[in-house]
Amino acid sequence: VYKRQVFVNAGRSLTSVSRLNGGLRVSTVATDLSATTASPAASTDTTDFSGDIGWQWELNDGWQVVANLGAGFRAPNIFDLGTLGERPGNRFNIPNANLDSERILQADLGVRLWSKRLRFDAFVFALDYDNRITSVSTGDTTPDGRDVVQSVNAADSGIRGIEAAVVAELSAKLRIEATALYTHGKQTVENTSEAADRIPPLTGRVALRHATGDRLTIHAWLRFSDNQDRLSNRDVRDPRIDPNGTPGWGTLGARLDWFVDDRAMITLGVDNLLDRRYRTHGSGLDAPGRNLSATISYRW
(Lines give C-alpha, C1' and ligand atoms only; values in the text may rest on other atoms or scores of the structure.)
Protein backbone atom coordinates (compact mmCIF):
# COMPACT_ATOMS: atom_id res chain seq x y z
CA VAL A 1 0.00 0.00 0.00
CA TYR A 2 1.33 3.46 -0.82
CA LYS A 3 -0.10 6.96 -0.73
CA ARG A 4 0.89 10.26 -2.35
CA GLN A 5 -0.71 13.55 -1.38
CA VAL A 6 -0.53 17.20 -2.40
CA PHE A 7 -2.56 19.70 -0.41
CA VAL A 8 -3.06 23.39 0.15
CA ASN A 9 -4.81 25.33 2.93
CA ALA A 10 -5.75 28.99 3.04
CA GLY A 11 -7.66 31.37 5.27
CA ARG A 12 -9.02 34.89 4.94
CA SER A 13 -10.76 37.32 7.27
CA LEU A 14 -13.97 38.52 5.64
CA THR A 15 -14.75 41.12 8.31
CA SER A 16 -13.47 41.96 11.76
CA VAL A 17 -15.73 39.23 13.21
CA SER A 18 -15.80 36.53 10.53
CA ARG A 19 -13.23 34.31 8.86
CA LEU A 20 -13.22 31.79 6.02
CA ASN A 21 -10.87 28.79 5.81
CA GLY A 22 -10.52 26.15 3.12
CA GLY A 23 -8.35 23.36 1.85
CA LEU A 24 -7.91 21.09 -1.14
CA ARG A 25 -6.09 17.76 -1.32
CA VAL A 26 -5.16 15.50 -4.24
CA SER A 27 -4.42 11.92 -3.15
CA THR A 28 -3.21 8.80 -4.91
CA VAL A 29 -3.81 5.51 -3.11
CA ALA A 30 -2.56 2.21 -4.49
CA THR A 31 -3.01 -1.27 -2.99
CA ASP A 32 -1.47 -4.47 -4.36
CA LEU A 33 -2.23 -7.94 -3.02
CA SER A 34 -0.32 -11.02 -4.11
CA ALA A 35 -2.17 -14.15 -5.16
CA THR A 36 -2.75 -16.82 -2.51
CA THR A 37 -4.20 -20.31 -2.53
CA ALA A 38 -7.55 -18.79 -1.52
CA SER A 39 -7.67 -15.75 -3.84
CA PRO A 40 -6.20 -14.28 -7.01
CA ALA A 41 -3.98 -11.20 -7.08
CA ALA A 42 -5.77 -7.86 -6.74
CA SER A 43 -4.76 -4.23 -7.09
CA THR A 44 -6.29 -0.75 -7.08
CA ASP A 45 -4.84 2.61 -8.04
CA THR A 46 -7.03 5.63 -7.26
CA THR A 47 -6.38 9.36 -7.64
CA ASP A 48 -9.08 11.71 -6.39
CA PHE A 49 -9.83 15.06 -4.74
CA SER A 50 -11.01 15.96 -1.26
CA GLY A 51 -11.53 19.33 0.33
CA ASP A 52 -13.29 21.43 2.92
CA ILE A 53 -14.42 24.96 3.61
CA GLY A 54 -15.23 26.47 6.99
CA TRP A 55 -16.72 29.72 8.25
CA GLN A 56 -16.47 31.24 11.73
CA TRP A 57 -18.45 34.23 12.99
CA GLU A 58 -17.55 35.89 16.30
CA LEU A 59 -20.58 37.11 18.24
CA ASN A 60 -20.65 39.10 21.48
CA ASP A 61 -19.62 37.79 24.90
CA GLY A 62 -17.55 34.85 23.65
CA TRP A 63 -20.18 33.30 21.38
CA GLN A 64 -19.23 31.88 17.97
CA VAL A 65 -21.16 30.40 15.06
CA VAL A 66 -19.20 27.76 13.15
CA ALA A 67 -20.07 26.00 9.87
CA ASN A 68 -18.11 23.47 7.82
CA LEU A 69 -18.61 21.67 4.52
CA GLY A 70 -16.33 18.92 3.28
CA ALA A 71 -16.07 16.22 0.64
CA GLY A 72 -13.77 13.24 0.40
CA PHE A 73 -13.28 9.67 -0.67
CA ARG A 74 -12.07 6.33 0.69
CA ALA A 75 -10.25 4.00 -1.67
CA PRO A 76 -10.66 0.22 -1.25
CA ASN A 77 -8.18 -1.01 1.35
CA ILE A 78 -6.57 -4.34 2.23
CA PHE A 79 -9.56 -5.34 4.35
CA ASP A 80 -11.96 -4.74 1.43
CA LEU A 81 -9.79 -6.65 -1.04
CA GLY A 82 -8.26 -9.38 1.07
CA THR A 83 -10.67 -10.39 3.85
CA LEU A 84 -11.88 -13.55 2.15
CA GLY A 85 -13.15 -16.97 3.11
CA GLU A 86 -15.16 -17.74 6.23
CA ARG A 87 -16.64 -14.64 7.89
CA PRO A 88 -18.87 -14.05 10.96
CA GLY A 89 -22.59 -14.60 10.45
CA ASN A 90 -22.23 -17.92 8.57
CA ARG A 91 -20.83 -16.14 5.48
CA PHE A 92 -18.13 -17.01 2.95
CA ASN A 93 -16.63 -13.95 1.22
CA ILE A 94 -15.38 -14.21 -2.37
CA PRO A 95 -13.05 -11.65 -4.03
CA ASN A 96 -14.06 -8.64 -6.12
CA ALA A 97 -11.24 -6.98 -8.06
CA ASN A 98 -13.51 -4.22 -9.43
CA LEU A 99 -14.17 -2.25 -6.26
CA ASP A 100 -14.36 1.53 -6.59
CA SER A 101 -13.87 4.33 -4.03
CA GLU A 102 -16.53 5.42 -1.57
CA ARG A 103 -17.58 9.09 -1.63
CA ILE A 104 -18.64 11.23 1.31
CA LEU A 105 -20.14 14.70 1.72
CA GLN A 106 -20.38 16.12 5.24
CA ALA A 107 -21.67 19.33 6.78
CA ASP A 108 -21.97 20.65 10.31
CA LEU A 109 -23.29 23.79 11.97
CA GLY A 110 -22.86 24.76 15.58
CA VAL A 111 -22.42 27.35 18.29
CA ARG A 112 -19.63 27.77 20.81
CA LEU A 113 -19.28 29.77 24.00
CA TRP A 114 -15.85 30.38 25.49
CA SER A 115 -15.73 32.35 28.70
CA LYS A 116 -13.67 32.30 31.87
CA ARG A 117 -16.09 30.02 33.77
CA LEU A 118 -18.00 28.26 31.00
CA ARG A 119 -17.21 26.46 27.74
CA PHE A 120 -20.08 25.15 25.63
CA ASP A 121 -20.34 23.52 22.18
CA ALA A 122 -23.43 22.24 20.35
CA PHE A 123 -23.38 20.98 16.76
CA VAL A 124 -25.72 19.33 14.30
CA PHE A 125 -24.10 17.31 11.53
CA ALA A 126 -24.99 15.35 8.42
CA LEU A 127 -22.97 12.84 6.40
CA ASP A 128 -23.96 11.32 3.07
CA TYR A 129 -22.03 8.28 1.83
CA ASP A 130 -22.31 7.18 -1.79
CA ASN A 131 -20.94 4.06 -3.45
CA ARG A 132 -20.29 2.45 -0.08
CA ILE A 133 -18.60 -0.93 0.00
CA THR A 134 -20.85 -3.51 1.61
CA SER A 135 -21.20 -7.27 1.72
CA VAL A 136 -24.11 -8.66 -0.33
CA SER A 137 -25.32 -12.19 -0.96
CA THR A 138 -24.62 -13.82 -4.34
CA GLY A 139 -27.46 -16.27 -3.81
CA ASP A 140 -25.08 -19.24 -3.61
CA THR A 141 -24.07 -21.39 -0.65
CA THR A 142 -20.93 -23.38 0.09
CA PRO A 143 -21.02 -27.16 0.52
CA ASP A 144 -21.00 -26.71 4.31
CA GLY A 145 -24.01 -24.35 4.21
CA ARG A 146 -22.40 -20.90 4.39
CA ASP A 147 -23.93 -18.03 2.40
CA VAL A 148 -21.59 -16.87 -0.36
CA VAL A 149 -21.17 -13.06 -0.22
CA GLN A 150 -19.10 -10.47 -2.03
CA SER A 151 -18.00 -6.91 -1.22
CA VAL A 152 -19.48 -4.51 -3.79
CA ASN A 153 -20.17 -0.77 -4.15
CA ALA A 154 -23.88 -1.15 -3.48
CA ALA A 155 -24.81 0.99 -0.47
CA ASP A 156 -25.74 4.62 0.06
CA SER A 157 -26.01 5.90 3.62
CA GLY A 158 -27.22 9.05 5.34
CA ILE A 159 -26.20 9.81 8.91
CA ARG A 160 -27.59 12.69 10.96
CA GLY A 161 -26.76 13.65 14.51
CA ILE A 162 -26.28 16.17 17.25
CA GLU A 163 -23.52 16.47 19.83
CA ALA A 164 -22.99 18.80 22.74
CA ALA A 165 -20.37 19.39 25.42
CA VAL A 166 -20.14 21.72 28.40
CA VAL A 167 -17.42 22.47 30.94
CA ALA A 168 -18.47 24.68 33.85
CA GLU A 169 -16.21 26.02 36.60
CA LEU A 170 -18.77 26.19 39.41
CA SER A 171 -16.17 27.50 41.84
CA ALA A 172 -12.43 27.70 42.21
CA LYS A 173 -12.42 24.06 43.38
CA LEU A 174 -15.42 22.46 41.63
CA ARG A 175 -15.79 21.72 37.92
CA ILE A 176 -18.45 19.77 36.02
CA GLU A 177 -18.13 18.35 32.50
CA ALA A 178 -20.83 16.75 30.36
CA THR A 179 -20.97 15.38 26.81
CA ALA A 180 -23.75 13.75 24.79
CA LEU A 181 -24.00 12.37 21.26
CA TYR A 182 -27.01 11.14 19.31
CA THR A 183 -26.77 9.62 15.83
CA HIS A 184 -29.40 8.31 13.43
CA GLY A 185 -28.51 6.45 10.25
CA LYS A 186 -30.30 5.02 7.25
CA GLN A 187 -28.88 3.15 4.28
CA THR A 188 -30.09 1.80 0.95
CA VAL A 189 -28.67 -1.48 -0.32
CA GLU A 190 -29.86 -2.73 -3.72
CA ASN A 191 -32.97 -0.49 -3.57
CA THR A 192 -33.90 -1.72 -0.07
CA SER A 193 -33.87 0.82 2.80
CA GLU A 194 -32.92 -0.16 6.34
CA ALA A 195 -31.09 1.12 9.40
CA ALA A 196 -27.41 1.88 8.81
CA ASP A 197 -24.75 -0.50 10.14
CA ARG A 198 -23.26 -0.10 13.61
CA ILE A 199 -24.95 3.19 14.47
CA PRO A 200 -24.40 3.95 18.18
CA PRO A 201 -27.32 4.91 20.40
CA LEU A 202 -27.52 8.05 22.54
CA THR A 203 -24.35 8.07 24.63
CA GLY A 204 -22.83 10.49 27.09
CA ARG A 205 -20.68 11.22 30.12
CA VAL A 206 -21.02 13.46 33.17
CA ALA A 207 -17.98 14.10 35.38
CA LEU A 208 -17.21 16.10 38.52
CA ARG A 209 -13.82 17.31 39.70
CA HIS A 210 -13.41 18.65 43.22
CA ALA A 211 -10.15 19.92 44.69
CA THR A 212 -10.46 19.50 48.46
CA GLY A 213 -7.16 21.25 49.10
CA ASP A 214 -3.85 22.06 47.53
CA ARG A 215 -2.84 18.39 47.25
CA LEU A 216 -6.04 16.31 47.04
CA THR A 217 -8.41 16.10 44.03
CA ILE A 218 -11.48 13.87 43.71
CA HIS A 219 -12.95 12.84 40.35
CA ALA A 220 -16.30 11.09 39.84
CA TRP A 221 -18.10 10.22 36.63
CA LEU A 222 -21.13 8.61 35.09
CA ARG A 223 -21.04 7.08 31.61
CA PHE A 224 -24.25 5.96 29.94
CA SER A 225 -25.69 4.59 26.73
CA ASP A 226 -29.28 4.09 25.60
CA ASN A 227 -30.43 0.81 24.08
CA GLN A 228 -30.00 0.33 20.34
CA ASP A 229 -32.56 -1.84 18.55
CA ARG A 230 -32.42 -0.15 15.11
CA LEU A 231 -30.34 -2.80 13.35
CA SER A 232 -29.44 -3.43 9.75
CA ASN A 233 -29.76 -6.92 8.31
CA ARG A 234 -26.00 -7.25 8.61
CA ASP A 235 -26.16 -6.25 12.30
CA VAL A 236 -28.82 -8.90 12.97
CA ARG A 237 -26.58 -11.58 11.42
CA ASP A 238 -23.48 -10.39 13.29
CA PRO A 239 -22.80 -12.72 16.26
CA ARG A 240 -21.28 -9.79 18.16
CA ILE A 241 -24.68 -8.03 18.26
CA ASP A 242 -27.81 -9.39 19.96
CA PRO A 243 -30.47 -9.76 17.21
CA ASN A 244 -32.88 -7.96 19.56
CA GLY A 245 -30.46 -5.06 19.97
CA THR A 246 -27.94 -3.88 22.55
CA PRO A 247 -29.39 -3.03 25.99
CA GLY A 248 -28.74 0.37 27.52
CA TRP A 249 -26.35 0.74 30.43
CA GLY A 250 -24.78 3.16 32.89
CA THR A 251 -21.58 2.94 34.94
CA LEU A 252 -20.06 4.92 37.80
CA GLY A 253 -16.40 5.56 38.51
CA ALA A 254 -14.19 7.60 40.80
CA ARG A 255 -10.54 8.56 41.19
CA LEU A 256 -8.48 10.18 43.94
CA ASP A 257 -5.30 12.12 43.09
CA TRP A 258 -2.94 12.85 45.97
CA PHE A 259 -0.09 15.21 45.13
CA VAL A 260 2.45 14.14 47.72
CA ASP A 261 4.75 16.99 46.73
CA ASP A 262 5.67 18.92 43.62
CA ARG A 263 7.11 15.78 41.99
CA ALA A 264 5.19 12.76 43.29
CA MET A 265 1.53 11.79 42.90
CA ILE A 266 -0.45 8.76 44.08
CA THR A 267 -3.69 7.87 42.27
CA LEU A 268 -6.38 5.45 43.48
CA GLY A 269 -9.31 4.66 41.18
CA VAL A 270 -12.34 2.45 40.70
CA ASP A 271 -14.32 1.98 37.50
CA ASN A 272 -17.68 0.25 36.94
CA LEU A 273 -18.32 0.71 40.64
CA LEU A 274 -21.64 -1.18 40.61
CA ASP A 275 -20.12 -4.10 38.67
CA ARG A 276 -22.58 -3.76 35.79
CA ARG A 277 -22.40 -6.20 32.89
CA TYR A 278 -22.72 -4.27 29.64
CA ARG A 279 -21.49 -4.10 26.06
CA THR A 280 -20.74 -1.14 23.84
CA HIS A 281 -22.92 -1.46 20.74
CA GLY A 282 -21.03 -3.22 17.95
CA SER A 283 -18.31 -4.54 20.27
CA GLY A 284 -17.51 -8.24 20.37
CA LEU A 285 -16.75 -8.27 24.10
CA ASP A 286 -18.55 -7.37 27.30
CA ALA A 287 -16.84 -4.56 29.19
CA PRO A 288 -14.79 -5.38 32.29
CA GLY A 289 -16.56 -5.58 35.63
CA ARG A 290 -15.59 -3.59 38.72
CA ASN A 291 -11.88 -2.84 38.62
CA LEU A 292 -9.49 -1.07 40.96
CA SER A 293 -6.26 0.71 40.11
CA ALA A 294 -3.38 2.33 41.96
CA THR A 295 -0.48 4.24 40.41
CA ILE A 296 2.51 6.16 41.68
CA SER A 297 3.98 8.89 39.48
CA TYR A 298 7.24 10.74 40.02
CA ARG A 299 8.61 13.55 37.86
CA TRP A 300 12.33 14.24 37.83
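User: In this predicted model, which residues is Thr 217 in contact with, leaving aside its neighbours within four places in sequence?

Analyst: Thr 217 is in contact with Arg 209, His 210, Ala 211, Arg 255, Leu 256, Asp 257 and Phe 259. Thr 217 itself lies in strand β13, residues 216-225.

User: Why is Thr 217 called buried?

Analyst: Its relative accessible area is 6%. Buried means under 20%, so Thr 217 is buried.

User: What makes Trp 63 partly exposed?

Analyst: Trp 63, in strand β4 (residues 63-74), has a relative accessible area of 34%.

User: Is Asn 272 buried or exposed, and where is it found?

Analyst: Asn 272 has 2% relative accessibility, and buried means under 20%, so Asn 272 counts as buried. Asn 272 is found in the loop between β15 (264-271) and β16 (291-298).

User: What is the phi of Asn 272?

Analyst: The phi of Asn 272 is positive, about 50°, although Asn 272 is not a glycine. Most residues other than glycine have a negative phi.

User: How do you know that Asn 131 is partly exposed?

Analyst: The relative accessibility of Asn 131 is 25%. Buried would need under 20% and exposed over 50%, so Asn 131 counts as partly exposed. Asn 131 is in strand β8, residues 118-141, and has a positive phi of about 60°.

Terms used: Residues numbered from 1 in each chain as written. Predicted model: local features only at pLDDT ≥ 70, side-chain atom pairs only at ≥ 80, totals over all residues. Heavy atoms only, no water. Helix = DSSP H or I, 4+ residues; strand = E, 2+ residues; numbered from the N terminus. Buried < 20%, exposed > 50% of the residue type's maximum accessible area, 1.4 Å probe, protein only. Contact = heavy atoms within 4.5 Å.
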